[in-house]
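Here's a quick briefing to read alongside the coordinates. Have a look at the structure first, then come back for the notes.

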Amino acid sequence: MKQCPQCQQFVDDNSAFCNRCGHNFTTGPQAAPPPINPYPTDNAFDSCGPEGKSRGVAGLLAILLGGLGIQYFYLGKVMAGVLSILFSIVTCGIWQIVTLIQGIMMLCMTNQQFREKYVTNPSSFPIF
């Protein structure tokens, strides 16, 4: 066992750097290597963005209740929700096919793409 000259922590003789302060025993003080994140959040299904809107919830709402425009009301796009209801009435429910495709696309895109397309986009009726 050897002792780190900076923090006085005891480390194994074979260690190249101190686990506590990052002191490199061969060249001097150095920061410890950054830890590896085993749980990346970029493609997480239900990860919420800073606006609190989940891509997974919006995608499932579009698939299950898209003809009623529920996904737009969830995203804060009230005008798009009302237009979606009108399109469903005028097309006798065929509009649900479009929202089904939209829901699948929401689930397949990254959180960054979702935020740019549906949450922070100033458009009042984002479809694809």
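**The big picture**

In this predicted model, buried residues account for 32% of the protein's 128 residues. The fold has 5 helices and 4 strands, and they come in the order β-β-β-β-α-α-α-α-α along the sequence. The notes below start with the overall numbers, then go through the core and a handful of residues.

**Surface and contacts**

- The protein exposes about 7,900 Å², and 65% of that area comes from carbon and sulfur atoms.
- Take the contacts between residues at least 6 apart in sequence: 43% of them join residues at least 24 apart.

**The nonpolar core**

- Which residues make up the largest nonpolar core? There are 8 of them: A58, A62, L75, M106, M109, F114, Y118 and V119.
- Helices α1 (55-65) and α5 (111-119) each put at least two residues into this core.
- The top contributor is α5, with 3 residues.
- As background, nonpolar side chains in soluble globular proteins tend to be buried together.

**Q102, a polar residue under cover**

- You'll find Q102 in helix α4, which covers residues 95-108.
- Is Q102 buried or exposed? Its relative accessibility is 1%, and since anything under 20% is classed as buried, Q102 counts as buried.
- The Q102 side chain has a polar contact of 2.9 Å with the side chain of Y72.
- A polar atom of the Q102 side chain also sits 3.3 Å from the backbone oxygen of P126.

- S54 belongs to the loop between β4 (28-29) and α1.
- With a relative accessibility of 3%, S54 falls under the 20% cut-off, so it counts as buried.
- What lies 3.4 Å from a polar atom of the S54 side chain? That would be the backbone nitrogen of G56.

**G22, in a loop between strands**

- G22 is in the loop that runs between β2 (10-11) and β3 (23-24).
- Despite its loop position, G22 is buried, at 2% relative accessible area.
- G22 and Q6 are 16 residues apart along the chain, and their C-alpha atoms are separated by 9.3 Å.

- M79 is part of helix α3, made up of residues 78-90.
- The C-alpha atoms of M79 and G69 are separated by 9.6 Å, with the two residues 10 apart along the chain.

**Cysteines**

- A disulfide is a covalent bond between the sulfur atoms of two cysteines.
- How many disulfides does the model have? The count comes to 0.
- C4 is buried, with a relative accessible area of 1%.
- C92, on the other hand, is exposed, at 72% relative accessibility.

Note on methods
Residues are numbered from 1 along each chain as its sequence is written. This is a predicted model: local features need pLDDT of at least 70, side-chain atom pairs count only at pLDDT 80 or more; totals for chains, interfaces and linings use all residues. Side-chain values use heavy atoms; hydrogens and water are left out. Buried means under 20% relative accessible area, exposed over 50%, partly exposed in between (1.4 Å probe, protein chains only). Contact means heavy atoms within 4.5 Å. Accessible areas come from the Shrake-Rupley method with a 1.4 Å probe; for residues, only the protein chains shown count as cover. A polar contact is a pair of N or O atoms within 3.5 Å; within protein, one must be able to donate a hydrogen and the other to accept it, and residues adjacent in sequence count only if both atoms are side-chain atoms. A nonpolar core is a set of buried Ala, Val, Leu, Ile, Met, Phe, Trp, Tyr and Cys residues joined through side-chain atoms within 4.5 Å. A disulfide is a pair of cysteine sulfur atoms within 2.5 Å.
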